[in-house]
Amino acid sequence: MSRFDPTRRDAWRPATLAVRAGPPGDPETGAVVFPVYQTSTFEQEEPGGDPAWCYARTGNPTRSALERALAEIEGARFGLAFASGLAAATTVLLTLRSGDRVVASRDLYGGAYRLFTKVFARLGIEVAFADTTDLAELEEALDRPAALVWLESPSNPLLRVTDLRAAAALARRRGARVLVDNTFATPALQRPLALGADVVLHSTTKYLNGHSDVLGGALLADDPAIHEELRFLQNAAGAVPGPQDCFLVLRGLRTLALRMERHEANARAVAEFLAAHPAVERVHWPGLPSHPGHAVARRQMAGFGAMLSFEPRGGEPAAREILRGLRLFTLAESLGGVRSLVCHPPTMTHASVEPEVRRAGGIGDGLLRLSVGCEDARDLVEDLDRALAAVPARRAGV
Ligand SMILES: *Cc1c(COP(=O)(O)O)cnc(C)c1O
């Protein structure tokens, strides 16, 4: 009766893909887990041949297994793994030439902002920031030619949602390549290549690994020419991950669909609790109907994810009070692990963004960002409830 054909991977549903993507195991022994090839070089049969494996920067079987799995999960033809998300970002920017221009989402991962403004700007790559949730603003930014449009949706730290299909179409009409940083959504919830992106970037450090124990990055693409260009640079610039790290990301991937379900259910409970709390001024989570990107997120995502940020009444002093009170939410940078984390973007992840730029972009001094983990939602809500109660003066509606 079933139309499901298990021999066709493209028929697999996301949870099956997460568990089974990539090579089935070790062809040599039948081990069901792909092994770690901890070697830097490989014996060659003859000089000047074209061996499958020659040197581990160029290729390592464990890395290839991860690259294949990541591509399958993202629905991409090709995948490349890197030492970190920023190593992947650097490799993309190395495709540009001095004089090229990039248009990027204004609400952006702080490290990407730093890479654009402090490193590649020095090499003659100009970057312009636009609120890409506003297509008119993106169009205006593209009045001058751009080689690359860099989108992040949902964005960091305000969870702004860009209409990826519309933005990608606009960028392509102007002759720009389109990159989407899909780290916050993960391929379990969003597939930017199907919406018109040329390249998808991930910090696999986050949800794809999911256990806060490795750094990694990835680039996924469908176009063979783009893939070849990036693959050349992966080897030429050398920002590759080691085989142990690839193994850890591959292991983490197996529970991606499962984790995202729990992450999101917990995020919903936390967002709804915060939105109703008198000491909270604003909550940014695309799953709330009041969020300006809610309708677009519903259209282009299979879920809303588990990153959220909020502003307590009383600005930075109140935020610091809350941070002192939290027990389960650990004060740390990063996100996407099973353990819940909290951070204060103005002094942590976005400290490299100038205060004026930050405030103009809507990042208030009291903003707190939560990476909602996989604990019991009731414990998380109770932790926040107790911490927010430590701001008593604000409850009176100051
Ligand atoms: C963390 C992160 C990066 C950078 O990744 P690293 O692995 O830390 O280098 C890029 N984009 C987003 C959205 C991130 O959260």
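Which residues line the largest cavity? The lining consists of Ser-105, Arg-106, Asp-107, Ala-130, Asp-131, Thr-132, Thr-133, Glu-152, Ser-155, Arg-160, Val-161 and Thr-162.

This is a predicted model, in which local features need pLDDT of at least 70, side-chain atom pairs count only at pLDDT 80 or more, and totals for chains, interfaces and linings use all residues. Residues are numbered from 1 along each chain as its sequence is written, and side-chain values use heavy atoms, with hydrogens and water left out.

**Cavities**

The whole structure holds three cavities of 30 Å³ or more. The search runs on a 1 Å grid over the protein atoms alone. A cavity is a set of points where a 1.4 Å probe fits but cannot get out. A pocket is an open set with protein on both sides within 12 Å along at least five of seven lines. Lining residues have an atom within 4 Å of a point. Points are joined across faces, edges and corners, and a volume is the space filled by probe spheres set on them.

Two nonpolar, five polar and five charged residues make up its lining. Here Ala, Val, Leu, Ile, Met, Phe, Trp, Tyr, Cys and Pro count as nonpolar, Asp, Glu, Lys and Arg as charged, and the others, Gly among them, as polar.

**The largest pocket**

The largest pocket has a volume of about 310 Å³. It is lined by 14 residues, and Val-19, Pro-24, Val-32, Val-33 and Arg-254 are the closest to its centre. Ten of the lining residues are nonpolar, none is polar and four are charged. H8 gives the most, with three residues. Helices (H or I, at least four residues) and strands (E, at least two) are DSSP runs, numbered from the N terminus.

Of its 19 lining residues, Gly-85, Tyr-109, Asp-181, Ser-203 and Lys-206 are the closest to the centre. Helix H3 (85-93), strand E4 (148-152) and strand E6 (199-203) each give two or more residues to this lining. H3 gives the most, with three. By class, the lining has nine nonpolar, seven polar and three charged residues.

The ligand sits in this second largest pocket. That term requires more than half of its atoms to lie within 2 Å of the grid points. Around the ligand are Ser-84, Gly-85, Leu-86, Tyr-109, Asp-181, Thr-183, Phe-184, Ser-203, Thr-205, Lys-206, Gly-216 and Leu-335. Each has a heavy atom within 4 Å of the ligand. This shell has four nonpolar, six polar and two charged residues.

| Residue | Protein atom | Ligand atom | Distance |
|---|---|---|---|
| Leu-86 | polar backbone atom | oxygen | 2.8 Å |
| Asp-181 | polar side-chain atom | nitrogen | 2.6 Å |
| Thr-205 | side-chain N or O atom | oxygen | 2.7 Å |

On its own, the ligand has 380 Å² of accessible area, and the protein covers 92% of it. The areas come from the Shrake-Rupley method with a 1.4 Å probe.

**Backbone geometry**

What kind of peptide bond joins Asn-156 and Pro-157? The bond is cis, with omega about 5 degrees. The bond from Ser-153 to Pro-154 is also cis, with omega near -10 degrees. Pro-154 lies in the loop between E4 and helix H6 (164-173). Pro-157 is found in the loop between E4 and H6. Leu-159 has its place in that loop too. Its phi is near 55 degrees, a positive value in a residue other than glycine.

Key: Polar contact = N/O pair within 3.5 Å; in protein donor to acceptor, adjacent residues only side chain to side chain.
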